[in-house]
Amino acid sequence: MTSPAVSSRDLPHPARDEIRLEGVLHALSDPMRLRVVRELAGASSELSCSHFDLPVTKSTTTHHFRVLRESGVIRQVYRGTAKMNGLRRDDLDGLFPGLLDALLGAAARQAARLGE
């Protein structure tokens, strides 16, 4: 019996039990990645990569999304030609209750303090 072929467009994500706290904290330690997560947390649905207007090169943006995906913070799926991004809130809240809300709250207070 052979397994079904995996599409070259399927992106690797860690299973819920593979998500590590230090990986999540590392992913969220970068201001650009934290900015992406803040936008995703405030969105009512998935957002495409092109939605984000980050002040970095396209290759750096791609790197940031990869770090977020590989750490288990976001899930990325292709919908047609668009790569869509969603926050893995259920997984993160289940593994680390209160962490995401605390980090997002702290980031919002910092942004207000700095006028961002």
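In the predicted model, residues M32, R33, V36 and V37 of helix α2 meet H63, H64, F65, V67 and L68 of helix α3. Sorted by class, this contact of α2 with α3 comprises six nonpolar, two polar and one charged residues. The two helices α2 and α3 pack at an angle of about 70°, and their axes are 10 Å apart. That angle makes α2 roughly perpendicular to α3, since angles of 65 to 115 degrees count as roughly perpendicular. The crossing of α2 and α3 is right-handed.

Helix α3 also packs with helix α1, which spans residues 21-28. Here the angle is about 160° and the axes lie 9 Å apart. Helices α1 and α3 are therefore roughly antiparallel to each other, the class that holds for angles over 145 degrees. The crossing of α1 and α3 is left-handed. On the α1 side the contact is made by G23, V24, H26, A27 and L28, and on the α3 side by V67, L68 and S71. By class, the residues in the contact of α1 with α3 are five nonpolar and three polar, with no charged residues. V67 and L68 of α3 take part in the contact with α1, and V67 and L68 are also among the α3 residues that meet α2.

The strands are considered next. Three strands form an open sheet in the order β1-β3-β2, with antiparallel pairing. Strands β1 (47-48) and β2 (74-79) are the edge strands, each pairing on one side only. Strand β3 covers residues 82-87 and runs antiparallel to β2, to which six bridges join it. Within this pairing, I74 has L87 of β3 as its bridge partner, and R75 stands opposite G86 in β3. Strands β2 and β3 form a hairpin with two residues between the strands, where G80 takes a positive phi near 65°. The pairing of β1 with β3 is likewise antiparallel and extends over two bridges. In β3, M84 is the residue opposite S48.

Two of the helices described above are also placed against the sheet. Helix α2, formed by residues 31-42, lies across β1, β2 and β3 and runs at about 80° to β3. Helix α3, formed by residues 58-71, packs on the sheet and touches β2 and β3. The direction of α3 makes about 115° with that of β2.

For the protein chain as a whole, the secondary structure comes to five helices and three strands. Read along the sequence, these elements follow the pattern α-α-β-α-β-β-α-α. The radius of gyration of the chain is 15 Å, close to the 13 Å that the globule rule gives for 116 residues, so the chain is as compact as a globular protein of that length. Taken along the principal axes, the C-alpha atoms of the chain fill a box of roughly 60 × 30 × 25 Å.

Conventions:
Residues are numbered from 1 along each chain as its sequence is written. This is a predicted model: local features need pLDDT of at least 70, side-chain atom pairs count only at pLDDT 80 or more; totals for chains, interfaces and linings use all residues. Side-chain values use heavy atoms; hydrogens and water are left out. Two strands pair if DSSP finds at least two bridges between them. Helices (H or I, at least four residues) and strands (E, at least two) are DSSP runs, numbered from the N terminus. Contact means heavy atoms within 4.5 Å. Axes are lines fitted to C-alpha atoms, for helices over the stretch in contact, and angles run from 0 to 180 degrees between N-to-C directions. Angles under 35 degrees count as roughly parallel, over 145 as roughly antiparallel, 65 to 115 as roughly perpendicular and the rest as oblique. A crossing is left-handed if the near helix is turned anticlockwise from the far one by less than a right angle, and right-handed if clockwise. Ala, Val, Leu, Ile, Met, Phe, Trp, Tyr, Cys and Pro count as nonpolar, Asp, Glu, Lys and Arg as charged, and the others, Gly among them, as polar. The radius of gyration is taken over C-alpha atoms; the globule rule is 2.2 Å times the number of residues to the power 0.38.
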